[in-house]
Amino acid sequence: MATVTEKFARPQVRQTQCFIGGEWVPAASGKTFETVHPATEEVVAEVAEGDKADIDAAVKAARAQFDGGEWSRMDARDRGILMSKFADLLEEEADELAALETLDNGKPIRDSRGADIPLVIDCIRYYAGWADKIQGATIPVRGEYFTYTRREPVGVVGQIIPWNFPALMVAWKWGPALAAGCTIVMKPAEQTPLTCLRMARLAQKAGIPDGVINVVPGFGPTAGAALVKHPGVDKIAFTGEGSTAKIIQREALETMKRVTFELGGKSPNIVLADADLDAAVEGAHFGLYFNQGQCCCAGSRLFVQEKMYDEFIDRLKAKNHERKLGDPFDPETEQGPQVDKAQFDKILKYIEYGKQDGAKLVTGGKRHGDEGFYIEPTLFAGVTDDMRIATDEIFGPVLSVLKFKDVDEIARRANATNFGLAAAVWSRDIAKAHRLASRLRAGTVWINCYDVFDAGAPFGGFKESGLGRELGEAGLQAYTETKTVTVSL
Ligand code: NAD
């Protein structure tokens with residue numbers, strides 16, 4: 001990933017309207033909503049507030065491209081070439097995109113420029129390579145028949161994303177959908193619509209035909225719900241809260257839409273006593289505090305084997321004291337503000353729960369500074385499984401550290417949750433780590449590392465953490481239908 005050394009200037013916001021059928025248009029209602037820079041609480045843009053009428057227009061444009069439009073007739077290889085061009089343009093504008101992401105979300109520029117945007121480019125490039133490699137199979141059947149399968153695009157897809165990795169979520173959704181030959185109506189999160197809109201402009205510049213990608217900013221219960229209910233949409237791909245996914249699942253059932261869900265987690269990060277202490281401390285710190293703790297896969301239940309526990313807490317405490325909070329445009333800043341006031345309040349409430357439930361506050365526990373939604377890196381020791389800070393997804397810089405005795409105990413306790421998104425194991429005994437990994441009910445297990453993502457590696461949740469997978473070939477297949485063709489010989 002790229003290293004950032006310069007201070008970035010605050011960017012100009014250019015796109016704030018809906019992007020429908022290749023045109024920039026205001027919301028049909030004329031309404032707008034504000035987005036705020038979370039470090040200063042200043043309004044940075046007035047954005048079109050799309051609703052049902054805008055979703056209708058966007059679905060119509062996407063439908064026209066899918067049902068016989070230029071996109072549907074384009075060779076798969078040419079689709080891939082346009083996607084590669086799109087990736088090149090994203091690379092050319094990487095600085096500007098990263099600055100816009102930092103403005104809208106508040107994440108430090110060292111992360112947006114160093115990690116998020118490079119991963120965005122990589123994801124689009126990865127899926128560009130897949131466009132002409134989507135293959136079916138020939139099937140041996142009884143009788144004088146020849147049977148084969150085709151993988152065909154699922155159709156018009158509605159994509160609804162959250163605010164924690166705004167541009168990266170766009171790439172995870174657009175990459176496989178475009179490669180498969182689908183057309184798109186996206187509703188970005190109301191807190192962070194700006195990079196998505198900018199990316200739509202770059203997709204158009206790359207030559208992706210108008211109407212293939214449509215973006216309708218707006219709110220969940222209005223624009224989001226209209227997309228989910230729309231009979232012209234074949235699939236909903238959603239990332240966000242489990243409670244929202246359940247509403248969507250019920251609505252989508254009416255028209256039998258395909259759904260994929262990437263939801264929350266309370267991921268166990270397990271440190272065995274034979275782990276490399278330096279690496280495990282680094283991984284535990286990074287695994288939780290990265291992105292202000294606003295990661296679905298955050299290692300928010302840190303289990304440390306009892307022999308190493310006290311030293312581990314001391315080391316984590318020292319690291320938290322060194323952590324640099326500040327202006328997210330400064331390359332030295334490691335931690336920025338939370339995305340908005342609602343998240344900020346929710347996190348502070350959980351910190352109070354931690355104290356009330358009897359956990360020991362080791363670092364942090366309060367607001368940092370008096371401007372912006374900053375919260376100190378917070379560390380709780382002496383946490384037990386039943387405390388609210390150990391059961392609920394907090395989505396903030398609050399690390400709960402729990403103690404365990406042996407491997408059987410930790411396999412049981414780590415799985416004692418309705419979530420199942422990610423987990424990690426730290427040990428020098430690699431065979432033991434593999435055995436433990438096989439017992440963990442999670443879609444991703446990292447061994448001696450944390451938050452390692454690659455466009456080729458599938459990601460998604462067991463249990464209530466999701467349905468289906470994103471990334472890799474599995475993520476691509478989720479945008480296709482299988483058609484079986486049988487020929488009488
Ligand atoms: P959220 O569910 O409130 O919102 C996500 C998106 O859904 C937003 O665009 C929102 O406008 C929209 N939405 C809200 N209500 C809707 C409705 N009734 N119909 C249609 N759309 C609706 O989630 P959030 O608070 O923005 O995001 C945080 C959550 O997302 C956390 O739980 C986190 O774990 C999860 N998340 C998961 C992953 C993953 O890959 N598994 C990645 C990022 C975030």
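Colleague: Is Arg150 buried, partly exposed or exposed?

Modeller: Please keep in mind that this is a predicted model. Arg150 counts as partly exposed, because 14 C-beta neighbours lie inside 10 Å, whereas a buried residue would need 20 or more.

Colleague: Which element holds Arg150?

Modeller: Arg150 belongs to strand β6, which covers residues 145–153.

Colleague: And which residues is Arg150 in contact with, leaving aside its neighbours within four places in sequence?

Modeller: Those are Gly136, Lys483 and Val485.

Colleague: Let us change topic to β10. How many of its residues are buried?

Modeller: Five of the five residues of strand β10 (residues 235–239) are buried, so the strand is largely enclosed by the rest of the structure.

Colleague: Which residues lie on each side of β10?

Modeller: Lys235, Ala237 and Thr239 are on one side, while Ile236 and Phe238 are on the other; both faces are covered. In a regular strand, side chains alternate between the two faces of the sheet.

Colleague: How many bridges join β7 to β10, and do the strands run parallel or antiparallel?

Modeller: Four bridges join strand β7 (residues 156–160) to β10, and the two run parallel. Gln159 stands opposite Ala237 of β10.

Colleague: What about the pairing of β10 and β11?

Modeller: Strand β11 (residues 258–262) pairs with β10 over five bridges, in the parallel sense. Here Ile236 is opposite Val259 in β11.

Colleague: Now the whole chain. Into which domains is it divided?

Modeller: Domain 1 comprises 18–263 + 465–485, and domain 2 comprises 268–447. Their C-alpha centres lie 31 Å apart. The contact takes 19 residues from domain 1 and 23 residues from domain 2.

Colleague: Which elements give two or more residues to the side of domain 1 that touches domain 2?

Modeller: These are α4 (94–105) and α5 (109–130). Of the elements, α5 gives the most, with three residues.

Colleague: And what is the make-up of that side by class?

Modeller: The side of domain 1 that touches domain 2 has six nonpolar, eight polar and five charged residues.

Terms used:
Residues numbered from 1 in each chain as written. Predicted model: local features only at pLDDT ≥ 70, side-chain atom pairs only at ≥ 80, totals over all residues. Domains from an automatic or database assignment. Contact = placed C-beta atoms within 7 Å. Nonpolar A, V, L, I, M, F, W, Y, C, P; charged D, E, K, R; others polar. Buried ≥ 20, exposed ≤ 12 C-beta atoms within 10 Å, placed from the backbone. Pairing = 2+ DSSP bridges.
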